[in-house]
There are 2 protein chains.
Amino acid sequence: MQETEAEFLKKYDRREYLAPLMTVDAAIFTFHGGKLLVLLTERCEHPEKGKWALPGGFVDEEKDASLEEAIQRKLQEKTGVKAPYIEQLISVGNNQRDARGWSVTVVYTALVALQSCQSFVDNVSDVRWEMYEEALKMDLAFDHIEIMKAARERLKQKALYSMVPAYALPEEFTLPELQHCLEVLIDKPIQKKSFRRRVEQADLMEEVGLRSADKKGRPSMAYRLKEGVKDFTFIRNLDA
Amino acid sequence: MQETEAEFLKKYDRREYLAPLMTVDAAIFTFHGGKLLVLLTERCEHPEKGKWALPGGFVDEEKDASLEEAIQRKLQEKTGVKAPYIEQLISVGNNQRDARGWSVTVVYTALVALQSCQSFVDNVSDVRWEMYEEALKMDLAFDHIEIMKAARERLKQKALYSMVPAYALPEEFTLPELQHCLEVLIDKPIQKKSFRRRVEQADLMEEVGLRSADKKGRPSMAYRLKEGVKDFTFIRNLDA
């Protein structure tokens, strides 16, 4: 008689099969002091102990119902970051990247406001925001340099057609602040005129009032994004 | 004394830890007879035995050095397809999708020419090209319906800004054939004039000679893509 699925499952024992190591990692960026920063954690266990790395770790089958839950839990535990949006970037899997054996990591990426997690980061020694340009020169653990570069490239592309830069700013911001953030994300200057035309035509923001005067004595208007427009995408990439 | 990394690795045994099930799957599309087709295989083992599914399977640590090698091997073994380009679409992992337990699949997608694998597919009973619209109504294994839909959406988006439709055609094709394929991929008619302007301005194709006359007695020019332009992307999405 043929075996039923129930009979098959009763006999099936995953421990009889060797599966690759399965981790989730995240490249989390923010914008602060005119610079792009990336979130790093110091590895406190072997392998690659003592090296800095993108935050992440193993899926915990008891705690995590999905990969998305796994990365949000790891981020919270290790860095205090709760990312309001997080997107899957890529999965990398091969027999070279981890000395423990065949290893797969599912990589996520997000842009967050510094304010959302600064108190946690300030209070632990094994988490820090590093300037992206400096992180590029570091000897990060595993293949995290390559993963970080891929995430930075995705962020650049995304900034060209979306409102993703607003995720890195406080809730209220001025147009020069938004423009500066966008310029850092795409790594190019933008003409003020074309920037203003673009954001005004899209009608994504509302005024929240004048800020007190800057050094030159001019007050500037503060804005916030309208409800539900954070996922807005422009039809055309920014000419940059 | 502190343990060194070498000592740690010597003691480390992956079999002591339970890792999620790790598979690769592929949504492979082609264009034939004016229709979008998707490649399906019949499951010959539990679980979900007898259901049709996207081709794929477990990573084999002995045979596969990377996820990319794993999916290409699985495609070759199961379907005879050798995809000239294959891209990673998404990874899906949770405790619901497979009755055997916590499971992750890394999903790839590609568009191929039917000619590239037809003889293999014709000779086995557990592989077939199914019309996409029909596959949507099938009870595919696992979460493969959702994965197939996500792959189809990516293909649509990609067709709007790239030359990916050419992957589905024979090496030599006419402009009406390319336009028809593109229309099926984006699921909308295109104006002949704007289609021609777009492909001509991009200068991606070269003439290979006149085809014999069609039913109306007019010969048509056959083209092929120039060397190295398959990865070309248009700056602007097609207005469709």
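# A first look at the two-chain model

At 15% relative accessibility, A:Arg73 counts as buried (under 20% is buried, over 50% is exposed and anything in between is partly exposed, using a 1.4 Å probe and protein chains only). This is a predicted model, where local features need pLDDT of at least 70, side-chain atom pairs count only at pLDDT 80 or more, and totals for chains, interfaces and linings use all residues. Residues are numbered from 1 along each chain as its sequence is written, chains are lettered from A and ligands numbered from 1 in the order written, and side-chain values use heavy atoms, with hydrogens and water left out.

## Salt bridges

A:Arg73 pairs up with A:Glu77 in a salt bridge, with 3.2 Å between the closest N and O atoms (the rule wants a side-chain nitrogen of Lys or Arg within 4 Å of a carboxyl oxygen of Asp or Glu). Both sit in helix α2 of chain A, four residues apart, about one turn of the helix (helices, H or I, are DSSP runs of at least four residues and strands, E, of at least two, numbered from the N terminus).

A:Arg14 and A:Glu61 also meet in a salt bridge, at 2.6 Å from N to O. A:Arg14 is in the loop between α1 and β1 of chain A and A:Glu61 in the loop between β4 and α2, so this pair ties together parts 47 residues apart in sequence.

Over in chain B, B:Glu206 and B:Arg224 do likewise at 3.2 Å, N to O. B:Glu206 belongs to strand β9 and B:Arg224 to strand β10, 18 residues apart.

Here is how accessible some of these residues are:

| Residue | Relative accessibility | Class |
|---|---|---|
| A:Arg14 | 13% | buried |
| A:Glu61 | 22% | partly exposed |
| A:Glu77 | 42% | partly exposed |
| B:Glu206 | 31% | partly exposed |
| B:Arg224 | 32% | partly exposed |

Over all chains, the structure holds 32 salt bridges.

## Where the chains meet

None of those bridges cross over: the interface of chain A and chain B has zero salt bridges. Each chain brings 40 residues to the contact (heavy atoms within 4.5 Å). Together the chains bury about 3,700 Å², 59% of it on carbon and sulfur atoms (accessible area, 1.4 Å probe, that two parts lose on being put together, summed over both). In chain A, A:Arg14, A:His46 and A:Trp102 lose the most area to chain B, together 19% of what that side buries.

100% of chain A's interface residues are interface residues in chain B too, so the copies meet through the same surface.
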